Amino acid sequence: MRSHTDNVGQLAIHLEDGIETMSEIDGDAISAWLKEHQDLDVTPERAKEIATIAFRLNRVTLDAAMAQDSLDDPARYFRTLVELADYKRDA
Amino acid sequence: MSLPLADLTLAQAGDSVRRRDVSSVALTEATLDRAEAVQPALNCFLRIDREAALQAADHADTEIAGGNWRGPLHGVPLAHKDVFDREGHVATAGTILFETPATSRATVMERFDEAGAIYTGALNLDEFAAGGTGANDHYGRTHNPWNTDHISGGSSGGSAACVAARAAFGALGGDAGGSVRIPAAMCGIVGLKPTFGRVSRAGTAPRTFSVDCTGPMTRTAEDCALMLQAIAGHDPRDTTCPDVLVPDYAAALRTDLKGVRIGVAVGSPFDQVEPEIGQRLTDASDAFRDLGAELIELEVPDVMRFNDLQQILGKTEAAVICGKWMRERPGDMTFAAISVVQEGLLMPATRYLEAKSLRGPLLDSHIREIYGQVDVLFAPALAGPTPTIAETDFGDQDRVEELFTRSARFTRFTNYLGTPSLSVPCGFSASGLPVGFQLHGPPFGEARLLAAAHAYQSVTDHHTRAPALS
């Protein structure tokens, strides 16, 4: 029986590495983590499915973030949106 | 009046009421009769408010007769996706979890009421607006009016089917990833996802916090402009709704496109459409060229990455919004609604904040790169013909999601960026189901999208065809 610590550790590794292939994901570990930390009952099979999608999206996001020199306050998005209002090609 | 009342466009109906060629009561009765006639086949309504609608219509007639005409929506019947608060009613959001009637009114409902529009009822949707097929196990699915064996698309499927079936002159939907534009394309109507913050979401049941947009669904671009005019603009009740000038959308409509540069999106993912869809898109782009527009083929970088970042925001926020219900009343939620948000529980706060922090700089570079070259971007709305219900009813929700994603990869990226997109009908597939394209633009550039779509509709007749419902 895998210990709780192992489950968390394995999930941490998954989250860090963004493992994408479903066969590499331990559904039991993900299911146990979801129960422990999200108070949610999810079967290991389902946990494996959602982890496959989530970890791929996490990886894409991490890679995009690392491609930036730095990241700013998310609230600045709204200023950018307004500054670009009806942006003209000849502006 | 040569046309049956329900066949008028919203603009024609409003003008007829203004000129008192037809009363709002007669118009509303005709619309309600049509709604009740198509409801058994389409199941697009969750509630029809006949009595209240007729009272409001009578009041509108009295006001107009007294010289108090409020504008082009005065006396015109509209119905809306069931996510907007109105006092005394439960905005169900397609769930059975909400039981307390609203005690206030959504800003968009207030603004339509101030414009004198007639509210006729609440429209069906996927549970929690978390789906793309129009299926709802609690209230029954919405059917496509062009062929009831086919899906309506979703999540604003009730809105799309209702408008296409002439059971309302316009409807509001909500779009967090394509939920206005995809059902609009599948049902053959115009659907607008406005700029994030262009339309207030105060009093609107949220699907997400960062990517939701409320938008009009109509038969014509002109009608869409009239609806948007009534609801666009700053709202102190919605902190994401900035004080940016609202142009006169109807005045900006045009019938030629001389001097307009239209970028035709090429490359991945936009080339991943089935041949018969591709042919309709080619026909549409040819029409734009004939209208005087200059067409420029354009690769649009990073669309798939933007789509993924939209999923990070959408799934994380939806998991928060639905979290209480998923944990406390999972038996009252369908797997269809739960399954598309569960991934959000495995996304760390760092990834979520990275996706949010990236949004400003990626928007800035996208706008300067694309709209530094063209005025409007032309792209597909659907990857293939609208599926049958049987093709989406195979019990595997992830496969349904995958099917939806075929088209959502054309729509989600503008939810991440927050830019406006308009879905416009452009013909029919071999199976007789509508096909659509999208026009994308820079933030708060809705007027140029509507202008281009209006010009297109001035030389085509796809939007005038009506489904053969009894």
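Is R329(B) buried, partly exposed or exposed? At a relative accessibility of 25%, R329(B) counts as partly exposed, where buried means under 20% relative accessible area, exposed over 50% and partly exposed in between, with a 1.4 Å probe and protein chains only. The model is predicted, so that local features need pLDDT of at least 70 and side-chain atom pairs count only at pLDDT 80 or more, whereas totals for chains, interfaces and linings use all residues. Residues are numbered from 1 along each chain as its sequence is written, chains are lettered from A and ligands numbered from 1 in the order in which they are written, and side-chain values use heavy atoms, with hydrogens and water left out.

The side chain of R329(B) meets that of E99(B) in a salt bridge, with an N to O distance of 3.8 Å; a salt bridge is taken as a side-chain nitrogen of Lys or Arg within 4 Å of a carboxyl oxygen of Asp or Glu. E99(B) is located in the loop between β2 (77–81) and α4 (107–114) of chain B, and R329(B) in the loop between α10 (323–328) and α11 (335–339) of chain B, so the pair ties together parts 230 residues apart in sequence. Helices (H or I, at least four residues) and strands (E, at least two) are DSSP runs numbered from the N terminus. E99(B) itself counts as exposed, at 57% relative accessibility.

By this rule, 33 salt bridges are counted over all chains. One of these joins D15(B) to R19(B) at 3.0 Å, N to O, and both residues are partly exposed, D15(B) with a relative accessible area of 29% and R19(B) with 42%. Salt bridges that share partners join D15(B), R18(B), R19(B) and D21(B) into one network. In the salt bridge between R70(B) and E63(B), the closest N and O atoms are 2.7 Å apart; here R70(B) is partly exposed at 39%, whereas E63(B), at 16%, counts as buried.

Helix packing was examined for α7 (residues 221–231) and α16 (residues 446–458) of chain B, whose axes come within 8 Å and cross at roughly 155°. The crossing makes α7(B) roughly antiparallel to α16(B), given that angles under 35 degrees count as roughly parallel, over 145 as roughly antiparallel, 65 to 115 as roughly perpendicular and the rest as oblique. In the contact (heavy atoms within 4.5 Å), A221(B), E222(B), C224(B), A225(B) and L228(B) of α7(B) meet E446(B), L450(B), A453(B), H454(B) and Q457(B) of α16(B).

Definitions and conventions
Axes are lines fitted to C-alpha atoms, for helices over the stretch in contact, and angles run from 0 to 180 degrees between N-to-C directions.
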